[in-house]
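Have the sequence open beside it as you read.

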Amino acid sequence: MAEPIRHHRHHDPTPGILPVPHGPETGDEHGHYPREGDGNLTTDNERAIFSYLTHPDDCYTPDGTYWADLPLRKRIAFINKSQNEEAKQELLSIGRMMKEDPLSPLSWYFRNAVLPGAGLGLEGYVLFSIGNLEPLFAATWPQCWGKNRTECSGNWIASVTYLEVIGIMVGQLAVGVIGDWIGRRWGLIQDAAIMFVGLLMITASWGLDLNGWVICYAWSLFFYGFGVGGEYPITATSSMENAVSAGKLSTREDRLHRGRKVTMAFLMQGWGQLINQALLIILMLILHHGDGDPPYGTTTVQWVFRLSFAIPAIGTLWLVYFRTYKMPHAGRQLAAAKKKSNITGYDVASLKMTCTYFGGRLLATSGTWFCNDVFFYGNKLFQAQFIAVISNNPKSVMTTWIWNLINVIVSLAGYYLASILIDNKFYGRKMMQQVGFLMCFVMFVIPAFHYHYYTQPMGIKSFQAMYFLSSFFNQFGPNSVTFLVAGEVFPTPIRASAHGFSACIGKAGALLASVLYNYIDTQTKFYVVPWFGLAGMLMTWLWLPDTTGLDLKEQERRWMYIRAGRSEEYHGIAIHPAHLSLWERLMGVGKHYDPELDLKQKIEDMREEWAGKERTRRDREVGGEATGPDDIDEDEWNDEVHSYFRRTTKEGLLKPQAGDGAGDSSRTTEQGVLSEKSGSEPGPSKAPSTGSD
């Protein structure tokens, strides 16, 4: 929600209130801004002027205390009050929208969830379709897809799954690098185009015999998988970085709803699965004389197979158009970060520094994703067992599909609950993932040691309940959280690469499961799978930081200090113990946290950024160039902040600086304020020389 807006006559800001810009100076303004040498670390006037930027009321109490620094009782009261007020404002906003147009909330949801997650929805549709069609192929062509193969190579049948997964892994790594190198927008367009061509290849796959068709089908899935894999890093990073508008990294919306924004896009994967399963059932009923029982005609199966892939191809073609012509600013945040660091191409230095400073985080995001994908694949272990017991017609493909449909609906409930609670400071990312892993562990370990009881009629209902609960907690837990945090806990320059690497390692878990399950019986599978849940929970507890409620701009600010080799001089909330992993706390990362020192640093960091933009504006005015939002990033500074910097910044800082080049919008903090203290003891950055009017 937007900050409250108050009109006022004078330039005396109320702390925490965003004043309305009100034109040029009239002579009625107060000139009591602090001067150099006042002696105070941060004056009351500075606090008042900058409070809406440095101490937003959704994170800080009126006296300037961060929510995570409050005693437990006060913290609970503060968080409840803040979240209840936000929920009330959102409900009032929905009411106003519906009053003007009853369908406007649906259009809002379409813009903010369906469109950002369209690629993942198509990915969920197609990959789920591949698994759903295998039992239909086995029933129709047992000589190829059955146990006794006479016309097809067993290796090529197995390669259908392996090549699909390997294609996804290659796409995750490659597009992650492309997204950080060439840009987010290029990655988005490229993925949609590859998926479209891949769907055409799958739809048209053929061969001189059944084995030839299987080979063509497998390689088509590999090509399509490359595009699918790229959707993971590119959708996560673009949704996260565009969680706020106008190129700003930090707003109230970002802090309070960034997780919801990303998971709402991710849950389109569940809708893709639901639509696919429903469409397959409808096609089977239409084309197979009104039922889904065997035997199945080869012509019918060919129609069902090809139509199920041709229909999403139409949606994918539209996605290519939308990303090409309707998302011109998808890579804007990355471009701004590169401009500030004077980087062109791929930022190899940032990649190396990320491995050095955030190695534990990389282990957490990739390792927990690996464990989750073993579970995600293992969930299917339940289904065949209870269907064989409770179904009157277990050999019917339709029976399996109907149970799949119910399971997807249960999973969707988990997706939506995750999106509701993922930004809740009491629950949030880390707790959600730990609880999800724990529940999946329990749901698998119980039937593992009582397998025969739960697969008999007397225990089958409990077995079935554990199946649905494992699906629910997989979505309301690690499956949603891993997708979000794999990009969120890393800096912008290598965010897509880190996400792609984590997703690739995660998909290796699916590959391990698909290979391993071919060589062990069902009960042994139940013995093996639960321990990945326990391992995932422990890795989350030890190495994953909790970024719930943490401002992304603050994380980027910390990265600038790290990038400048001055990590020990950063004192802000990004190293607050509440936002660090247990491993990082044990390594002493949070020992430099100091709110008072950080407040002074924030103001001087903003001064340096303001001075860089002011230099650029002056240079362009001299050159007769026009400036626009694409040239100089919009900021969220009001006229009080601009006036303060004009009054207290020496003219020398506004003259062209070494390293400033044509077209640079600013010098970075690491080039400016931070570089002035190179080699000095830890402490707040030295303020640039200031003067008075």
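## A helix, a buried alanine and a surface patch

Helix α9 covers residues 252-266, and at 1.5 Å a residue its 15 residues should span 21 Å; the C-alpha atoms at its ends are 22 Å apart, which agrees. Keep in mind as you look that this is a predicted model. Along the way, α9 bends by about 60° at Arg258. How many of the 15 residues of α9 are buried? The count is 14, so the helix is mostly covered, with buried meaning under 20% relative accessible area.

From Ala513 to Val528 is 15 residues along the chain, and their C-alpha atoms are separated by 9.9 Å.

Now for the surface. Phe110, Trp318, Tyr321 and Tyr325 make up a nonpolar patch there, and together they have about 460 Å² of accessible area. Which helix gives the most to this patch? Helix α11, residues 298-325, does, with three residues. Tyr321 is a patch member that lies in helix α11. With 38% relative accessibility, Tyr321 is classed as partly exposed, because that class runs between the 20% limit for buried and the 50% limit for exposed.

The two residues with their own accessibility values are set side by side here.

| Residue | Relative accessibility | Class |
|---|---|---|
| Tyr321 | 38% | partly exposed |

Methods:
Residues numbered from 1 in each chain as written. Predicted model: local features only at pLDDT ≥ 70, side-chain atom pairs only at ≥ 80, totals over all residues. Heavy atoms only, no water. Helix = DSSP H or I, 4+ residues; strand = E, 2+ residues; numbered from the N terminus. Expected span 1.5 Å × (residues − 1). Bend = angle between axes of the 7 residues up to and from the residue. Buried < 20%, exposed > 50% of the residue type's maximum accessible area, 1.4 Å probe, protein only. Patch = residues over 30% accessible without salt bridge, like charges linked within 9 Å, V, L, I, M, F, W, Y side chains within 5 Å. Areas by Shrake-Rupley, 256 points an atom, 1.4 Å probe, with all protein chains shown as cover. Salt bridge = Lys/Arg side-chain N within 4 Å of Asp/Glu carboxyl O.
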